[in-house]
Amino acid sequence: MKQESTLEGVRVIEICNVAAGPFCGLLLADMGADLIKIEHPGGGDTLRSWAPITQGYSENFASLNRNKRSAALDLKNEQDRDAARRLIASADVLIENNRPGVMDRLGLGYEHMRALNPRLLYCSISAYGQSGPRSQEGGFDLTLQAMSGLMSVTGEQGGAPVKCGVPVCDFAAGLYAAFAIASALRAVERDGRGAHIDISMLGATLGIAALQTSQYFGTGINPEKLGSAHPRNAPYQVFRCRGGYFGMAAGNDALWKAVCATVERMDLLADPRFASTTLRAEHQEALRDILEEIFAEHDATAWLARFRQAGVPCAPINTYSDVLDDEQVRHMNWVQALDLPNGVQTRTFASPIRMDGRTADIQRRPPALGEHTDEVIAGISVQS
């Protein structure tokens, strides 16, 4: 089965901006769904204005909107709103990430659309969910990283709160939404009934924090920020070496023995502070100091070679230019050429999903604003 044909025949309408909703739509489009993105004619998805801008086109926007068609419709205009309504009525899925209540006020809410299309999967992505005391609060990735507890465990011990450099709240919400939609499509096939899927950035971020929430539930103690270290494993962090740093993770006793052999300190195996994974975690500052004194003798390249030879998981501290040029990334064909509507060719990270040993090719370049309005409207006119 080809990845790009998995959702062939599934029509998805996307009324979304920036990241969480468009990422959900991208995941479905990469799997073969017919994705129609409805954008405001006055500028479209606000991500279109985000740098880097290459000859008038945002590469940020391009990265999340390949394999989609764009229809420019003003949803405050009655004629355009009617066209949107007919598009949604013809679809299998709607994704929207407006603040709760906006779609209802436009006459495009779930109850309105369910009356026209009982099989519709209507997926709403928001900061806090469609109901509850915080449902009307807006949110961005930064504020959700703060709200969700993520910032409390990110950064150096004793340091100021910092956010994760990748917008994990946005993208976790998009992943949960795409998973929920793909799962619910099976139920629609079986029962013929759609559903309103409610995905919140807060819930998604708590969902991927299972180890942190379970630590709190089990101990009653809040997890703490530890820099790159781990609360239950050691040695398992970034280490300083001669001229730089590298990451190394020896998460069990066998790997710890391999570390001792690699650094030629088998005496550490007899040290009672380091006799088990739990004890090594409790005494990891002392362990780090011992290891970093040894690591100061050689640079990261030398230590990585030794630990790889010993089978100990390790990695350099890559920049994005480093990892995107890595031999494994090239082997997987994850970086692919991408044509922009202005004729410029750039590169993008394609779908990381492989099926039968193959990474799917990009089927459609990202669209110009409103590029497909006429063909989309003509398509629903023929259907009706």
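Two residues are taken to be in contact when they have heavy atoms within 4.5 Å of each other, and a residue is called buried when its relative accessible area is under 20%, exposed when over 50% and partly exposed in between (1.4 Å probe, protein chains only). The structure is a predicted model, in which local features need pLDDT of at least 70 and side-chain atom pairs count only at pLDDT 80 or more, while totals for chains, interfaces and linings use all residues. Residues are numbered from 1 along each chain as its sequence is written, and side-chain values use heavy atoms, with hydrogens and water left out.

The protein contains 16 helices and 15 strands, where helices (H or I, at least four residues) and strands (E, at least two) are DSSP runs numbered from the N terminus. Its C-alpha trace spans about 80 × 50 × 40 Å along the principal axes, and 43% of the 384 residues are buried.

Helix α7 (residues 168–191) has 24 residues and reaches 34 Å from its first C-alpha to its last, close to the expected 34 Å, the expected span being 1.5 Å times one less than the number of residues. The buried residues of α7 include Cys169, Asp170, Ala172, Ala173 and Gly174, and the buried residues of this helix pack against α1 (20–30), β6 (93–96), β7 (121–126), α6 (141–147), β8 (195–200) and α8 (201–207). After α7 comes Gly192, with a positive phi near 75 degrees.

The packing of α1 on α7 has an angle of about 45 degrees, with the axes 8 Å apart; axes are lines fitted to C-alpha atoms, for helices over the stretch in contact, and angles run from 0 to 180 degrees between N-to-C directions. This angle makes α1 oblique to α7, since angles under 35 degrees count as roughly parallel, over 145 as roughly antiparallel, 65 to 115 as roughly perpendicular and the rest as oblique. Among the residues that form the contact are Phe23 and Leu27 of α1 and Ala177 and Ile181 of α7.

A further pair is formed by helix α10 (residues 253–262) and helix α13 (residues 300–310), whose axes come within 10 Å and cross at roughly 135 degrees, and α10 and α13 are therefore oblique to each other. Their contact is made by Ala258, Val259 and Thr262 of α10 together with Trp303, Arg306, Phe307 and Ala310 of α13.
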